[in-house]
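Here's a quick briefing to read alongside the model. Have a look at it first, then we'll go through the sheet, a helix pair and a pocket.

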Amino acid sequence: MFHIGGEQELCNKSYFSEVTNSGRASLRLIIENTDLAGKHILVPNFLCEVILDVFKEYRITYSFYEVEETLNYRMPANLDEYDAVYFINYFGFKLPSLERSISLCNQLVIVDDVFSPYPSVLARSKAWCSFNSLRKIASVADFSLVYSNNPITKTEVRYLDDFSDKKYQAKNSKYHYLHDAKGDEGEYLKLFSSAETLLDENVGIFSPSNRSLIEAIEFYSEIESERLVRQKNYELAKSLLPADITLDMLSDFYSYLPIIIDSRNEVRHQLMDSNIFLAIHWPSTYGVENTLSQRILSLPLDSRYSSEDIEQLCFQIKQALK
């Protein structure tokens with residue numbers, strides 16, 4: 001029908017969405033909306049301990065499936081015995097086995113997409129949920145998107161302003177320390193630690209702060225230029241580092257380049273002497289065995305770093321490996 005003007009129309013999406021302040025809050029929201037309390041979930045054996053802590057809050061029992069060194073999944077034959085299956089989309093990569101493994105599941109699927117700018121939208125009619133966490137990949141302190149093919153009910157709007165305030169204080173102190181030589185490193189590290197303690201101690205589903213909503217809008221408005229820088233940094237780092245320690249992965253938005261090294265802890269400490277502080281994602285969790293937690297190290301690729309920075313980082317890594 002020919003029609004011009006008036007209020008802009010809008011087509012409903014194929015999924016529902018909500019926002020919280022963190023990945024763990026989003027996971028709680030998913031659990032409460034899918035009636036998973038007291039149920040049995042299949043989870044990867046390469047994961048963050050916080051996930052298991054949230055499950056324990058809801059009396060959820062869990063069993064593990066294996067994650068290979070390539071970050072692909074090895075699914076068990078008894079999938080139908082579980083009420084839900086939990087997948088981690090590691091570093092936001094397009095993992096070859098993700099779509100294939102999800103297709104095997106008849107029950108609820110949860111995709112942990114914390115390293116992606118947007119959670120996954122799954123092409124399936126069976127129940128699914130996904131979530132991300134911008135604080136893992138951007139300067140935003142507290143913002144997480146939740147997607148689901150079923151309606152999401154958020155019964156109470158609560159804020160954890162002390163957490164957000166401390167995170168932004170820490171980020172600002174770090175900026176002035178790095179760019180203006182003001183303050184000291186211990187000051188912002190203490191603030192970061194204090195903020196994380198607040199998040200650990202306050203159990204609940206919280207909404208993002210107003211400042212983080214604004215920061216998230218600014219992040220998304222510049223996402224294409226950020227995407228290009230990260231792609232360039234990924235390709236440069238891949239070309240400079242030994243092929244046998246890096247994972248060759250595709251992504252629409254590179255967060256980190258993981259390297260797999262047997263001497264991870266020794267290399268990491270040597271790099272610290274050169275003011276290079278690399279994160280360990282999904283570190284060892286008590287009682288959970290895998291082949292990755294003791295060997296993986298994450299190289300940041302975001303637009304804070306120029307080509308010269310990436311070249312120096314890769315040079316220092318190769319020196320530490322000798």
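Which residue in β3 is the bridge partner of histidine 40? That's threonine 61. Keep in mind that this is a predicted model, where local features need pLDDT of at least 70, side-chain atom pairs count only at pLDDT 80 or more, and totals for chains, interfaces and linings use all residues. Numbering starts from 1 along each chain as its sequence is written, and side-chain values use heavy atoms, leaving out hydrogens and water.

**The sheet**
- Strands here are DSSP E runs of at least two residues, and helices are H or I runs of at least four, numbered from the N terminus.
- An open sheet of 8 strands runs β1-β8-β7-β6-β5-β2-β3-β4, with mixed pairing.
- β1 (16-20) and β4 (73-74) sit at the edges with a single partner strand each, so one side of each has no neighbour in the sheet.
- β2 (residues 40-44) pairs with β3 (residues 61-67) in the parallel sense over 5 bridges; pairing takes at least two DSSP bridges between two strands.

**The helix pair**
- Arg24, Leu27, Arg28 and Ile31 of α1 meet Val50, Ile51, Val54, Phe55 and Glu57 of α2, with contact meaning heavy atoms within 4.5 Å.
- That contact splits into 6 nonpolar, no polar and 3 charged residues (nonpolar: Ala, Val, Leu, Ile, Met, Phe, Trp, Tyr, Cys and Pro; charged: Asp, Glu, Lys and Arg; polar: the others, Gly among them).

**The pocket lining**
- Helix α3 (residues 96-103) gives the most to the lining of the second largest pocket, with 5 residues.
- By class, this lining has 14 nonpolar, 6 polar and 7 charged residues.
- A pocket is an open set of points on a 1 Å grid over the protein atoms alone, where a 1.4 Å probe fits, with protein on both sides within 12 Å along at least five of seven lines; lining residues have an atom within 4 Å of a point.
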